[in-house]
2 protein chains.
Amino acid sequence: MLFFNFNRKYYGEKIGIYFAWLGFYTEMLLFAAVVGTICFIYGFLTYDENEWSKEICDENIGGKIVMCPLCDKKCGYWKLNSTCNSSWQSHLFDNVGTVFFAIFMGIWVTLFLEFWKRRQARLEYEWDLVDFEEEQQQLQLRPEYETKCTNRKLNRITQEMEPYLPITTKCARTCLSGATVLFWISLIIACIIGVIAYRLAVYAAFASIMKDNPTTHLHVVGPLITPQLATSVTASCINFVIIMVLNLMYERVAVWITDMEIPKTHLEYENKLTVKMFLFQFVNYYSSCFYVAFFKGKFVGYPKKYTYMFGEWSNLRNEECDPGGCLIELTTQLVIVMTGKQVWGNIQEALVPWLMNWWGSRKARGHPESLYSRWEQDHDLQGFGQLGLFYEYLEMVIQFGFITLFVASFPLAPLLALMNNIIEVRVDAWKLTTQFRRPVAAKAHNIGAWQEILNGMAVLSVVTNAFIVAFTSDMIPRLVFMYAYQPDGEMNMKGYINNSLSVFNISELKPANRPEDGENPFWFNSSITTCRYRDYRYPPGHEKEYAHTMQFWHILAAKLAFIIIMEHVVFVVKFFVAWMIPDIPSDVRARVKRERYLVQEYLHNYEVEKLKIQLSQNGHNECTCTPMIYPSLPRHEVLSECL
Amino acid sequence: MLFFNFNRKYYGEKIGIYFAWLGFYTEMLLFAAVVGTICFIYGFLTYDENEWSKEICDENIGGKIVMCPLCDKKCGYWKLNSTCNSSWQSHLFDNVGTVFFAIFMGIWVTLFLEFWKRRQARLEYEWDLVDFEEEQQQLQLRPEYETKCTNRKLNRITQEMEPYLPITTKCARTCLSGATVLFWISLIIACIIGVIAYRLAVYAAFASIMKDNPTTHLHVVGPLITPQLATSVTASCINFVIIMVLNLMYERVAVWITDMEIPKTHLEYENKLTVKMFLFQFVNYYSSCFYVAFFKGKFVGYPKKYTYMFGEWSNLRNEECDPGGCLIELTTQLVIVMTGKQVWGNIQEALVPWLMNWWGSRKARGHPESLYSRWEQDHDLQGFGQLGLFYEYLEMVIQFGFITLFVASFPLAPLLALMNNIIEVRVDAWKLTTQFRRPVAAKAHNIGAWQEILNGMAVLSVVTNAFIVAFTSDMIPRLVFMYAYQPDGEMNMKGYINNSLSVFNISELKPANRPEDGENPFWFNSSITTCRYRDYRYPPGHEKEYAHTMQFWHILAAKLAFIIIMEHVVFVVKFFVAWMIPDIPSDVRARVKRERYLVQEYLHNYEVEKLKIQLSQNGHNECTCTPMIYPSLPRHEVLSECL
């Protein structure tokens, strides 16, 4: 608290409240990290119990199952036990503990937001900002607003003439800016789809190049440069470049369209800019995770009729998930994006200003202290611009999104976030005190538009986690198998692997889908006639050949029922908790009321005193306008009579 | 508006705001009634298109389907075409228009609540109640509170000693009162289950009595007194008596436990009592509709293994829905309860006080005007007690529940409610002005706990309507049939009836379930070997005999998917609409701010004036404590120094 108070007195409330929020968030992360670690340990301790992984790795079960190729032509048949490792890893995250943790985080998020409201109310009071908005912000117009708005009308609060924007102009400008934001978001989504298409297209190309010219790669690096790796690396590079370019351009566009909207006050300007920037960054950072969680591997079709990205002619067959399951892929994606973003973010945040300062002061550094004075050194530091604090918040809110929206796939995320934040708060403080010019102090009594953004994420996270457990993880199919389709009638997972894979007659495979290597993989002794794929469809020869089986619909019903139950339970608990915890601590509320009461008492005494003076000075004269001594008349009527 | 203002000036704000709310609610009902009527007309115009009713009524399709008995022993087999009429009626409410209307009402409810908030904010301002709560209610303790609380502590607002309740006592009392409410709610649910059990038990008894003694009923009324009617009438009477008795007892209990909680202020007392009474009345009025919508006919089992209410030994086989479908039964229930309640409510409201006044003044009426003066006449009128306004609100809120929670089964409900309210507002006004002593005027700046109750209902209504469309109506099974199971592969409903009924081999029927009449109904020429029942199970002779078919799971998945989609869409729209509409109209907000601004200006001028007077009187002396002239210091620090 002392630190925030120092912070506030040196940097102003706006930066002070950022550090207060960051500190509070880090404190609350501790609980989430502890529970998340326990859930992870639970997955670790029940490691031996997952029979399906044993079956996959078993040479007699998984070793005898030939799977259908994962892509057209270039991919061959493969043995199921080659996914042995990723199946074991998958169990660490794909167990009942994770479902519990997803529910826990739904409630943790609510507690976090409710307790933050209380903390904020306390700070607001202690920093004397209770009437801040009304007193100041509402009456202080932005200079741009004053110059750009030529129409004038009466301000209904101060009763002075002030510039204003006609409602039609305002609507038109808002619509235009909304359309621009939508356009840029569509642009980024189009780019992401483009990159996915690139991956699909290039994968085959790389596979064939490397196969045709075995001499082009050296023996040492040969096994490392697989088609998968080459595709991933080039795709990531393209993705990165596109996102950076779009980011740079969008930043200018966002400032430009916010200027165009001509917000009235600085507060409004900032909130509008924050929402615009955030919407874009949300799509930017989370789209890959959303793709892996909800789209990848969901629309692949089946061997007789694979689904293609832009129709069959495009030749871009939709990607299947990693053979170990979709969840492990989401986990990997999350770990890479999150760790990468945090490490890179911290380095960039600390290093870039330091390097720029080092470069900026390179000439002066040679001079003695007397010639390169303190104020010159301070002036050479980086400026903390308009978007300075925005990026600090953004970093944390994006992290908040990772630990809430996708927590069902990776319970260690809060622990990662906690470790990052302990460093982050220090890096930020160091950076702000030594690498930047002291920012102009500004007042703020809350975290602004970020509050609403966090609330929205808290609600969204319940939905995403329910869908991840239902559709990305394999939990529900496994439970349905155990309770309803176990052939022995016992409650175990024996035979799950065989049950979860459908059979396809490879003679029916279209020429376009056949592997170029020929029918039989070299590692298989006898010739094969069927391959297996992940789906619930009738086997060849059945009267409803390749139609969905009853188990498919049964599992789908179970998945949807899980979503309904989880969402209803978590939302009921959430709203109940939010309703139980008052937004303002009772002592703060009492003190605020005490002050209002004192002001009223004060006004009353003034009236009495004034009347006394008047009576003693003028004798008995006409009644002057004193609202407080006519308690029976509505105050606004008296006041409007007065002025 | 004029009427409310008169109302408020004569009766006080508390009754004024009730009439304002009632008027606003009636205005908004107009829109719902118009759209609801259009949806009903849509159902009426598409009357001829429902092929399933044609099939049911067709002598060659419905006339040839023999259905399994609906109850044990006493019920016989029946022909499907006997449900011809109710099937046609059912289509009036069970069509796409109703789904549209359910979604529309989800949004209407949001608009209603949001616009009411705005109306309320405007009234609050115009009636000068903006600072009402802080100014008055908080400082005015209930006399009971003052006498019962012996502990005293410092009030943090006025800095005076005041009685208080220790936190432990408060918790204990709240828990005790919560437990009592729960106990009474369980009691009413137990009674309702008891009545259902009574119906199940008595139905068979009546059926057998009437069969055994055909001489006991006359030929004229004979066909009218069916076992169904006898059961319904006696069950309804028992239900009515139980509910009335519980109601009377609970009213006393609710007042008693609210007294026991010792609420601090009158406002708190009223809100606590309202919530307690409402929870009970909610269960009281809606439980029958909830039972019909979500429980009746859902857990009947199938001919080989019927489900019994308290286990097989109880002999109480769970009720099946009306052969015409569950939705038409819900509609009937709703129409009866709603119309009955409204007609009865209005008569009771008007008639009971009038009769009591008539009886109370019977002696005095003979006297001439001079001997039975105006004030005596007024004194002989009924008193408008503590719960007077509560019952007025309750009546309307229960009605609001009927038109929102179950609207998917009866789109004409808002029209009924509108017609009732147009009468209601006049009856209430007449009653209050002529049949009751003028109530003690009280202030209120909102509708209190009812606001929260309405909000809760608005959220609940989206959930109930989604579940009604999915599980009570037959819409989803029909759509699934049309898109996926139509044997011709065309998009029509031909063959739906045959598809939706499973086959049972009557030789497998347990003796307990067999009709006593013998195997063959008299109206059937050939002997029957199978009967049909509503479910999706494999026919006898199939390898998975009587297990659920794929279609069952397919339909279940479609139902759950519908719930998920409808809830998400409606909630997103709801929250977006609620977020778009500001709670306080902008002109009211500006005027409130204007007044705050004036008060500050006023305070400032006072300080300046006071200083001037002081300086002119005393010359230059020590600085007195004047918070407003130290703008740089936090106000609470200055104020705490001052006092």
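Biologist: What is the relative accessibility of B:Lys117?

Modeller: This is a predicted model, where local features need pLDDT of at least 70, side-chain atom pairs count only at pLDDT 80 or more, and totals for chains, interfaces and linings use all residues; side-chain values use heavy atoms, without hydrogens and water. Residues are numbered from 1 along each chain as its sequence is written, with chains lettered from A and ligands numbered from 1 in the order written. Buried means under 20% relative accessible area, exposed over 50% and partly exposed in between (1.4 Å probe, protein chains only). B:Lys117 counts as partly exposed because its relative accessibility is 24%.

Biologist: Which residue forms a salt bridge with B:Lys117?

Modeller: A salt bridge needs a side-chain nitrogen of Lys or Arg within 4 Å of a carboxyl oxygen of Asp or Glu. Here the closest N and O atoms are 3.8 Å apart, and the partner of B:Lys117 is B:Asp583.

Biologist: How many residues apart in sequence are the parts that this pair, B:Asp583 and B:Lys117, ties together?

Modeller: Helices (H or I, at least four residues) and strands (E, at least two) are DSSP runs, numbered from the N terminus. B:Lys117 sits in helix 5 (residues 96–126) of chain B, whereas B:Asp583 is in the loop between helix 18 (550–580) and helix 19 (586–618), so the separation is 466 residues.

Biologist: Now chain A: which residue meets A:Asp72 in a salt bridge?

Modeller: A:Asp72 is buried, because its relative accessibility is 13%. The N to O distance is 2.7 Å, and the partner is A:Arg317.
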